[in-house]
Amino acid sequence: MLRFYNFLSRKVEEFKPFGKVVGLYTCGPTVYDYVHIGNWRTFVFEDFLKRVLKFNRYKVKHVMNITDIEDKIFKKAQEEKVSIEKITKSYEKAFLADLKKLNIQKAEVYPRATESIDSIIALVKKLLDKGVAYKKGGSVYFSISKFGAYGKLSGTNVKGVKAGARVDVDEYGKENPSDFALWKKSKAGEVEFDAPFGKGRPGWHIECSAMSMKFLGESFDIHTGGVDLLFPHHENEIAQSEAATGKKFVRFWLEGEHLLIDGQKMAKSLKNIFTLEDIIKRGLDPLSLRYLFLTAHYRSKLNYTWKSLEAAQNALNNLREEIPDWDEPKIGCAEFEGDFKEAISNDLDMPKALSVMWKMAKSDYPSSAKHQSILVMDQVLGLELGKLEKAQLPKGATGLIEKREKLRKQEKFEESDKLRKELLKIGVEVEDTAEGPKWKIKKN
Ligand code: AMP
Ligand code: ZN
């Protein structure tokens with residue numbers, strides 16, 4: 001039984017989709033800079049979620065927005081004296097390239113805010129017509145006091161809110177609920193679009209409501225993001241969408257915990273970030289970051305250190321060395337595959353799943369069975385364990401290995417040991433196992 005912790009009920013619930021295809025919406029990046037590894041923690045968690053759904057035989061339609069209208073983008077374009085489009089296109093490209101390096105499966109749709117203006121305008125118009133939004137000073141605001149269920153996701157109390165308190169900027173406060181802009185009168189240096197309620201540009205929250213409903217329908221299954229989006233972003237998405245349609249917007253809300261550094265949230269504004277490029281520059285593999293993320297449950301904070309990333313890299317290297325020695329995959333280990341599925345289906349318990357995988361790898365099942373099972377598990381882990389190739393032996397080594405084995409069988413251990421040393425000189429380590437001699441290329 002597949003179950004997730006649903007932030008809406010604050011309980012673990014059995015997952016039941018609305019229809020045959022699971023609709024999944026994940027808040028995407030704001031493309032004004034490189035995405036940092038804190039953001040990657042959330043995007044990788046969402047990839048695990050998608051793979052777990054598929055492992056449980058669901059078809060998934062995944063939509064992730066690209067925020068290409070935002071205060072920080074305009075600021076950067078002005079500072080660098082380049083067009084807004086130049087900024088957004090180049091960082092979007094970098095984002096998509098990094099997704100590949102982390103072996104994150106692509107979404108079905110990546111709608112951009114700039115290309116979704118018609119649906120955004122239609123939604124704002126609907127909210128105005130219904131009387132839950134109002135115009136003020138050339139902008140349009142959502143009136144949170146008109147939506148009775150405001151606060152149901154985050155538990156935010158709307159009582160005591162100053163009447164008419166409004167927020168115009170895209171950096172929203174996390175403490176005080178207030179009326180938020182659906183449509184903003186644009187300032188110099190910002191993009192602007194024509195709308196029946198005046199020239200301007202959309203606010204950030206409305207973009208996610210418009211795009212998710214456009215591609216997934218008015219009610220869909222799962223919405224995710226990092227916990228910092230719970231309030232006000234996700235709360236506002238619910239308010240806008242449900243006020244407009246009168247229907248339940250999303251059934252399951254899953255929110256990933258933060259990546260910390262020195263006990264603080266990793267955030268660009270705190271200048272404590274690292275990017276994927278920083279990891280590569282240190283000679284580490286982006287997939288070691290994916291491995292590191294597997295070691296903590298998505299609802300627990302994870303403190304980042306270079307030491308923990310190196311440990312993840314070592315663990316991954318050990319796997320990569322071991323698997324090519326295994327026989328061709330045949331029938332897998334049903335018992336371990338069952339435990340693995342149980343762990344991932346229990347609100348994505350990836351640390352447990354990883355430990356099941358290691359228990360299986362270290363077990364004395366035939367290597368052909370372990371090989372089969374690890375490929376099955378890697379459909380979810382995504383560590384590219386199916387692409388490993390056995391290292392090539394240097395010239396002459398095969399003959400020496402065979403000769404040594406013959407000598408060992410004749411119990412001529414002194415002579416066989418000489419050959420072991422000869423092999424070592426050409427970089428080949430031989431280990432004698434119950435299944436016969438196994439070799440690997442010695443690391444420098
Ligand atoms: P942003 O571009 O800031 O909207 O962030 C993109 C995604 O990354 C959102 O889902 C955020 O919640 C998430 N995020 C931001 N900082 C962190 C962090 N330190 N750890 C985990 N997720 C984060
Ligand atoms: Zn969003």
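1. In this predicted model, a polar atom in the side chain of Asp228 lies 2.5 Å from an oxygen atom of ligand 1. Asp228 is also listed, together with Gly38, Thr42, Leu259 and Met266, as one of the closest of the 15 residues that surround ligand 1.

2. An N or O atom in the side chain of Asn39 is 3.0 Å from an oxygen atom of ligand 1, whereas Gly226 takes part through its backbone, with an N or O atom that lies 3.0 Å from an oxygen atom of the ligand.

3. As for how far ligand 1 is covered, the ligand taken alone exposes 480 Å², and the protein buries 89% of that area. The elements that contribute two or more residues to the shell around ligand 1 are helix α1, which spans residues 37-55, and strand β10, which spans residues 220-226; of the shell, the largest share, four residues, comes from α1.

4. Sorted by class, the shell around ligand 1 consists of eight polar residues, four nonpolar residues and three charged residues.

5. A separate point concerns His371, which has its place in helix α12, a helix made up of residues 367-381. Is His371 buried or exposed? His371 counts as buried because its relative accessible area is 12%, which falls under the 20% cut-off for that term. Leaving aside residues up to four places away in sequence, His371 touches Ile323, Trp326, Asp327, Glu328 and Pro329.

Definitions and conventions
Residues are numbered from 1 along each chain as its sequence is written. Chains are lettered from A and ligands numbered from 1 in the order in which they are written. This is a predicted model: local features need pLDDT of at least 70, side-chain atom pairs count only at pLDDT 80 or more; totals for chains, interfaces and linings use all residues. Side-chain values use heavy atoms; hydrogens and water are left out. A residue is near a molecule or strand if one of its heavy atoms lies within 4 Å of it. A polar contact is a pair of N or O atoms within 3.5 Å; within protein, one must be able to donate a hydrogen and the other to accept it, and residues adjacent in sequence count only if both atoms are side-chain atoms. Accessible areas come from the Shrake-Rupley method with a 1.4 Å probe; for residues, only the protein chains shown count as cover. Ala, Val, Leu, Ile, Met, Phe, Trp, Tyr, Cys and Pro count as nonpolar, Asp, Glu, Lys and Arg as charged, and the others, Gly among them, as polar. Buried means under 20% relative accessible area, exposed over 50%, partly exposed in between (1.4 Å probe, protein chains only). Contact means heavy atoms within 4.5 Å.
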